[in-house]
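I opened a notebook for this structure and put down what I looked up, entry by entry. The sequence and the structure come before the entries.

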Amino acid sequence: MTGPGGTDAAEPLAIELRGISKAFGPVQANKDIDIRVRRGTIHGIIGENGAGKSTLMSILYGFYRADAGEILIGGRRVEIADSQAAIDAGIGMVFQHFKLVPNFTVLENVILGAEDGALLRPSLAKARRLLTDLAHEYEMDVDPDAVVEDLGVGQQQRVEILKALYREADILILDEPTGVLTPAEADHLFRILKGLRDQGKTIILITHKLREIMEVTDSVSVMRRGEMTATVSTAETSPEQLAELMVGRKVLLQVDKAPATPGDVILEVRDLHVVDDQGVERLKGISFDIRAGEVLGLAGVAGNGQSELLEVLGGYEKATGTIRMKGRPIDVTGTASDARTRRARGIAHVPEDRQREGLIMDFHAWENVAFGYHHDAMFGRGVLMDQAAMRADCAAKMERFDVRPPDPSLAAKNFSGGNQQKIVLAREIERDPDLLLIGQPTRGVDIGAIEFIHEQIVALRDRGKAILLVSVELDEIMALSDRIAVMFDGRIMGERLASETDQGELGMLMAGMTGAEAAE
Amino acid sequence: MNDALPTWVDVILVPLINLLLALVLSGVVVALIGKDPFEALYILVNGSVGSAYGWGYTLFYATNFIFTGLGVAVAFHARLFNIGGEGQAALGGLGVALVLLNLPLPHWSVAILAATVGAALFGAAWAAIPAYLQAKRGSHIVITTIMFNFIASALMVFLLSRVLLVPGAGGSPETARFADAVHLPNAYDVLPWLGFSRSTPLNVSFFLAIAACVFVWALIWKSRLGYEIRAFGHSEQAAKYAGTSPTKIIMIAMLISGGLIGLMATNSVMGEAERLVIDPVQGAGFVGIAVALMGRSHPVGVFLAALLFGALYQGGGELTFEMNGMTREIILVIQALVILFTGALDNMVRAPLEAAFLSRRRRPAAPGPTSPKGADNDPVTGTQS
C-alpha cells in the first residue's frame, strides 16, 4: 500500500491547511479545517454531497478565498488569490466537468493559457516533445493531434491530467474523477495515479465512493457538514467505519430484499429508435420487458442513451417503435401522447435531473408536489387551483416520506438534495403507479437518505409494481435490480439476472463488448 | 424570489435606492447644463403630483404603462422578452378605431367592452406571429418582436395616410373622430369634486387597468394556466416532463401579453384622442419593459412602477414648459437614467445589499445555534436525517 516516501515521516508535507474556514451567506461550508498531506502519497477526501469537499478544493485552487486559515505548500506559506497562483504553486486540478475546448486538438488544449509567446509554433513543438515523454512515462497514450471531441471521456480525462503535468504540477487534485468512467477506465485511471505517486507526485482524490478510497488511497480524510471529522490511514480503516464517519451514525451498506416474484408483463418495449435534433441516432433499436414485481436495472456509462430512453417512456421525446403498457399500445411519435397522458396510463417518472426536470427550484414544496399532476381534480376543478388542497396534500406526503424540514411553504431549492428527492419520490410513488421510471435515484443524495430511497423502491416492487431503474452507479444497480440490462451506444448489449452476474462482466458490457466477449 | 434579502428590502428599498441614484445623476446632468437641479426637482414633483391637473395627466400616463407593463410581465413569467409593445399597442389602437368607427354603439359602457375586445384581439394578433415563429421555428422573440414594431409603424402610416384618412380633414393622417355616444367619462365627469379640469385626459379606462392588474394576479398565481406559465418560465425541460407543451405556453403567454398591451388603446385612443392618429403609443410600449422590470413582474409592483413613470412623464413635460433650456432631450435623458437604474442596473445595488444583510445575519448567529431563519433555509447544516 505504501509508496516510496509514504512511510517517511521526515519528508516535508506537500500540503498543509491550517484552520481553513469559509462561509457562503448563512452556510458554513468549511469550518476550521486542518489537513496534512505527505509528499508522494494519494490522499482521499471523502464526504457526502454538500459536506464541503469541493469548497475546500476550490479554496486550494484559488476559486474562493478562505475567510480564515492558512495554506502551506511544501512547508512554505502561500497566498492563493487566483488559479494562476495555484498553478504557480504547483497545484493542478482535474475537474468533474472537463474544461477542454472540444474542437481543439489535444496539443492545443494542453498549451491553452500556457503558451510561451505570441506565436504558437514553438509552444506546440515543445508541448509535443513533453507530451510524448509524459505519456510514455505514465502509460497515458493519447494522440496529441486528435481533436478532443472525438475522444472518449477516459481519454479526455487523461488530457486534463496531462494539462496539469505540462504546467509542472506536483500536486494533482481530482474531483470525483470516476463519475463518467466505466469500471475498466476507472481501473486504468487508478494505475496512472499510482504511477504518478511513485514518481513523487502528491495526489488528492475527492470522491463519495468508499470503494475507490479503499482501492487507491494511502490516507483518507472524512468531511461532514463542513468539518473534518477524521483523518485515518487507509490500511487501518474499513468501508463501514468510513461510512459511519461520513454520516455520523451506523449505516447499512447493503439493501435487504427478498427474491422477486415477477408477475405479468407490464411494459413491453420493441425496437425503439430515437434520432435527436442533430440527426444523431441516440437509440438504435431497444427492446425489453418489465414484469410486475421486479426491478429492471439499466446500467451503463452516462450518455449511452439511458436519458433518451427515460424521456421517451416518460412521454416527452419522440421515437419510433412500439411500447405496450399492460398489453395496450402507447403512441410514441408524440402526436397523440405526452407526459400527462403517460401519467394517466399509470407510468410515474422520477427524472434523472431533479433540479432541471423533476422540480421547479423556485416553487414552493406544495407547488412541486402537484407538478405533473396539476390537472388532477383533487387540486381543484375549473380554471383556478385549490391551493389549500395542494398544501394539505404536500404536508401529508412530507410526513409519510420524512421530508425535512416538513414545511410546504419552503422553496424546493432550500431543501437538501436528499429531501428534494424525497419530495419527487413522494409525488410519484404516492400515485400508486403500475410502472415507476426512476433515473439516478440517489445522485447528489446523502447516505442517510439513500437508505430510505432504496427501501421505498424495494417496497414498491414488493407491492407488485414494475420498476425501471437507470443509474450510472453500478453498485446501486447491483444492489436493487432483479434483472440488469446494460446499455452502450444506444443499444442494449446484454441482459443478465442480477444473481448470476458480477461487476466484471457488467463492466465489459458497459465498455461495449458483446455478451459473448464479456462471458469469456 | 430572493432568500438573501427580507421582502421589504427586495421590493421597496432596492427600487427606492435605484430611483434615488437615478435622480442624483439626473441632478448632475441638469447642473451641467447650468440649471438648478433642486428647482428642476421641485417642478418635476409639483408638476406631476402637486395638483389635480398634474394628477390627471400622471394617472393617464400611468394607465398606459399599467397595460404595457402587465403585458411585458406576463411574458416575463414565461421567460419571454416581449419588446414588441410599441407595435402591439399600435395595432390595439387600430382595433379600437375599427370597432368604434364601424359598429353602431349606443353608449360608452357598451363601447368600452367592444373596444376592449377589439384592442385585445388586434394586440394579441400582432404578438401571435412572433410567438408562432418562436414556438415552431425557434426564431428569437426579441428579434422578431422588435422587427414587428417597425412593420406595425409602417403599416399604421400606410393605413392612416391611404385607407382610413378622412377626406377633407386637412390632410393630417388620422381617422375620423369617434361618435359622441362612445365618449368615455373622464375624471371630471366621474369625480367632479376632486378638482380635475374638464379636459383632463384621465378616464374610466383607469379602472379597466386596475381590473387588468387583478386579472393578471389571479392568472399568474391562482390559475392552472399561470402555474404552467411560471413552470415553463423556470425550466422548459421541467414543463415538458410535466406534460405541458412549450408551444402552447409560448403561444398563450404571448397572446395574453399582446392582448394586455393592446388594451392600452382604450385609454389613449378611445379615452383621450378619440380618433386614431399617427403613433398613438408614444413610447409606452418600451416604458412597459422598464415598468415590468421595476415592478418585478408582479401586478402590484407594475402598478406602483407605472405611477412613478406616469409622474416622470407628466413632470418632465412640465419641466420643458417651466424651465428655459430644459429641452425634450434632457427630459429623455432623465427618463432614460431612471429606466437604466431601475431596470438594467438593478444588481448594482442589490448585490452589495445582499452581502451586507448576509454578514449582519451571520454575525449574531455565529456563536450559538444558527438563527431559525438561517436553519430553515440552509441546505447544508439544516436538520438532516
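In which sense do strand β7 and β8(A) pair, and over how many bridges? I looked this up and found a parallel pairing of β7 (residues 171-175) of chain A with β8(A), over five bridges. I note at the start that the model is a predicted one.

Entry: strand β8 of chain A.
I took one bridge of that pairing as an example: A:L174 has A:L205 as its partner in β8(A). I then looked up strand β3 (residues 42-47) of chain A, which is joined to β8(A) by five bridges and runs parallel to it. In that pairing I found A:I42 opposite A:I203.
I asked next how many residues of β8 (residues 202-207) are buried. The count is six of the six, so I wrote the strand down as largely enclosed by the rest of the structure. I sorted the side chains by direction: A:T202, A:I204 and A:I206 point one way, while A:I203, A:L205 and A:T207 point the other way, and all are buried.

Entry: an open sheet in chain A.
I read the strand order of a four-stranded open sheet as β2-β1-β4-β5 in chain A, and its pairing is antiparallel. I marked β2 (27-38) and β5 (76-78) as the edge strands, since each pairs on one side only. From one strand to the next, the twist averages 25°.
Within this sheet I followed β1 (residues 13-24) of chain A, which runs antiparallel to β2(A) and is joined to it by eight bridges. For A:I20 I noted A:I33 as the bridge partner in β2(A).

Entry: the hairpin of β9 and β10 in chain A.
I counted six bridges between β9(A) and β10(A), which pair in the antiparallel sense. A:R224 stands opposite A:E227 of β10(A). Two residues lie between the strands of this hairpin, and A:R225 takes a positive phi near 45° there. Is A:R225 buried, exposed or partly exposed? I found 18 C-beta neighbours inside 10 Å, so A:R225 counts as partly exposed.

Entry: other backbone angles in chain A.
I found a positive phi of about 50° at A:D271, which is not a glycine. A:D271 lies in strand β11 (residues 265-275) of chain A. I classed A:D271 as partly exposed because it has 13 C-beta neighbours inside 10 Å.
I also looked at helix α4 (residues 120-137) of chain A, which has 18 residues. From first C-alpha to last, α4 reaches 25 Å, close to the expected 26 Å. Just after α4(A), A:E139 has a positive phi of about 55°.
I recorded a cis peptide bond between A:R404 and A:P405, with omega about -10°. I placed A:P405 in the loop between α13 (387-400) and α14 (417-429) of chain A.

Entry: two helices of chain B.
I looked up how α13 (residues 284-294) of chain B meets α14 (residues 299-322) of chain B: their axes come within 8 Å and cross at roughly 130°. That angle makes α13(B) oblique to α14(B). The crossing of α13(B) and α14(B) is right-handed. Among the residues that make the contact I listed B:V287, B:A290 and B:V291 of α13(B), and B:G301, B:V302 and B:A305 of α14(B).

Terms used: Residues are numbered from 1 along each chain as its sequence is written. Chains are lettered from A and ligands numbered from 1 in the order in which they are written. This is a predicted model: local features need pLDDT of at least 70, side-chain atom pairs count only at pLDDT 80 or more; totals for chains, interfaces and linings use all residues. The expected span of a helix is 1.5 Å times one less than its number of residues. Two strands pair if DSSP finds at least two bridges between them. Axes are lines fitted to C-alpha atoms, for helices over the stretch in contact, and angles run from 0 to 180 degrees between N-to-C directions. A residue is buried if 20 or more other C-beta atoms lie within 10 Å of its own, exposed if 12 or fewer, and partly exposed in between; C-beta atoms are placed from the backbone. Angles under 35 degrees count as roughly parallel, over 145 as roughly antiparallel, 65 to 115 as roughly perpendicular and the rest as oblique. A crossing is left-handed if the near helix is turned anticlockwise from the far one by less than a right angle, and right-handed if clockwise. Two residues are in contact if their C-beta atoms, placed from the backbone, lie within 7 Å.
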